[in-house]
Amino acid sequence: MSFSTTPSHKEASARAALYHMLMTMRPHGTKATATFCKHWIDPLGCQIDAAGNRFLRIGDAPVMFSSHVDTVHSQGGGQRIYDDNGIICLTPGKANCLGADDTAGVWLMREMAINKVPGLYVFHQGEECGGVGSRWIAANKRDMVKEMSACIAFDRRGTTSIITEQMCGRCCSDVFGKSLIEALGLEGMKLDDTGSFTDSANYTRIIPECTNVSSGYYDEHTKKECLDTDHLFTLREAMLTFDHSKLVIVRDPSKVESRYIPWRDWDENAYYQSQYGTSMGGAGDYTYSRSLRRSKANITIVPKSIHDYTDSEWEQREQADALVDFVTIYPTLVSHFLMQHGYIVEDLEEYKDECEQAAAMDGVYEKEDDSEN
Ligand SMILES: [Zn+2]
């Protein structure tokens with residue numbers, strides 16, 4: 001059956017809801033996000049915590065469902081979208097992304113709640129700002145979280161991933177992942193250890209099995225972002241009859257298998273290889289020195305003679321130096337962090353242009369040449 005061409009009445013209203021939800025831009029902490037929650041989530045009968053997260057308990061299944069209400073839009077308000085034969089895209093305009101990350105997950109959980117699928121539903125605030133909502137819950141609602149055996153987030157790009165590792169390290173066992181694939185009964189789903197970050201990562205030390213499931217969006221955080229609604233509606237069908245008793249729980253949350261290697265031993269090249277399957281090429285040795293940093297940096301802040309620095313300016317300068325150090329040693333990690341927070345190369349190029357223009361204006365910035373040493 002094609003949902004795009006022959007929708008039943010229920011599917012048609014579900015699709016209409018999806019369109020309406022995707023037509024809102026919702027940066028964290030804005031009125032647009034509050035209005036969105038009030039309209040689409042609160043009527044489900046949710047409770048609201050001090051961080052603005054929405055909770056809903058249906059039955060007593062020890063499974064948390066997770067999504068986030070914020071998007072990486074640069075401003076709140078409305079936007080236009082179009083549906084190209086089941087693929088929803090952004091109509092070119094001022095919006096910087098579609099925001100199917102994570103409107104897809106929120107919509108799916110709303111559909112599940114309407115259809116009374118048992119579980120603890122958590123619609124998080126501020127995932128795109130470093131998971132502020134889930135961090136708050138992990139710190140302040142530990143007793144509630146502790147009762148869960150599994151946390152299933154719907155906040156992953158593509159159509160095939162069951163995430164077993166996030167940037168925090170392993171988040172669920174392969175045994176659990178396979179049992180989830182079987183419970184979903186969807187073709188093409190497979191274990192994926194290349195997850196970045198979503199809210200479920202903040203529960204890995206409390207909940208045994210935490211994962212993230214592909215919700216059908218692509219190119220998130222960019223203007224090219226689109227949403228495969230065939231996948232999302234197929235996932236909806238699977239979740240409406242989801243049987244949590246088929247999940248196999250084996251991981252011990254007190255034993256954290258971290259992907260991070262301690263600071264001094266970090267091998268950026270190995271990490272890059274694990275992410276992209278190729279070597280960075282000659283970048284394995286990260287013996288670091290201040291002179292290396294100076295020679296690599298293209299833009300240096302030269303505000304005034306160092307003798308004129310106040311204490312707080314020194315502190316700022318030291319902070320800036322520490323950041324340059326970090327970026328030099330961990331470029332891949334930092335690029336993932338920037339992506340996670342909605343930045344792409346164009347944003348940085350724009351910022352670089354601004355800095356260079358400022359340099360031309362008042363000499364605050366000085367461009368260094370790229371030559372080594
Ligand atoms: Zn997301």
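Me: Where does Asn85 sit?
Reply: Asn85 is in the loop between S6 and S7. This is a predicted model, by the way.

Me: Is Asn85 buried or exposed, and why?
Reply: Exposed, because Asn85 has 9 C-beta neighbours inside 10 Å. A residue with 12 or fewer counts as exposed.

Me: What is phi of Asn85 near?
Reply: Near 55°. That is a positive value, and Asn85 is a residue other than glycine.

Me: OK, next loop. Where is Lys116?
Reply: Lys116 lies between H3 and strand S8, which spans 119-124. Its phi is also positive, near 60°. Lys116 is not a glycine either.

Me: And its surroundings, buried or exposed?
Reply: Lys116 counts as exposed, because 9 C-beta neighbours lie inside 10 Å.

Me: You mentioned H3. Which peptide bond is cis?
Reply: The one joining Asp101 and Asp102. Omega there is about 5°. Asp102 lies in helix H3.

Me: Switching to H1. How many residues does it have?
Reply: H1 has 14 residues, 9-22. From first C-alpha to last, H1 reaches 20 Å. That is close to the 20 Å expected at 1.5 Å a residue.

Me: Which residues of H1 are buried?
Reply: Ala14, Arg15, Leu18, Met21 and Leu22. Seen down the axis of H1, they fall within an arc of 125°, so they line one face of the helix.

Me: What does the face turned away carry?
Reply: Exposed residues: His9, Ala12, Ser13 and Ala16.

Me: New topic: S4. Why is it called largely enclosed?
Reply: 6 of the 6 residues of S4 are buried, so the rest of the structure largely encloses this strand.

Me: Which residues are on each side of S4?
Reply: Val63, Phe65 and Ser67 are on one side. Met64, Ser66 and His68 are on the other. Both faces are covered.

Me: Which strands does S4 pair with?
Reply: S4 pairs with S9, residues 150-157, in the parallel sense over 4 bridges. S4 also pairs with S8 in the parallel sense, over 5 bridges.

Me: Which residues stand opposite each other there?
Reply: Val63 stands opposite Ala150 in S9. Ser66 stands opposite Val122 in S8.

Me: What about Gln75, where is that?
Reply: Gln75 is in the loop between S4 (63-68) and S5 (77-78). Gln75 counts as partly exposed, because 13 C-beta neighbours lie inside 10 Å.

Me: What does Gln75 contact, leaving aside neighbours within four places in sequence?
Reply: Met25 and Pro27. The C-alpha atoms of Gln75 and Thr30 are separated by 8.5 Å. Those two residues are 45 apart along the chain.

Me: Last, the whole chain. How many helices and strands?
Reply: The protein chain has 12 helices and 17 strands. It has 373 residues, and 35% of them count as buried.

Me: And what share of the contacts with a separation of 6 or more comes from residues 24 or more positions apart?
Reply: 78% of those contacts.

Terms used: Residues numbered from 1 in each chain as written. Predicted model: local features only at pLDDT ≥ 70, side-chain atom pairs only at ≥ 80, totals over all residues. Helix = DSSP H or I, 4+ residues; strand = E, 2+ residues; numbered from the N terminus. Expected span 1.5 Å × (residues − 1). Buried ≥ 20, exposed ≤ 12 C-beta atoms within 10 Å, placed from the backbone. Arc of directions from axis to C-beta. Contact = placed C-beta atoms within 7 Å. Pairing = 2+ DSSP bridges.
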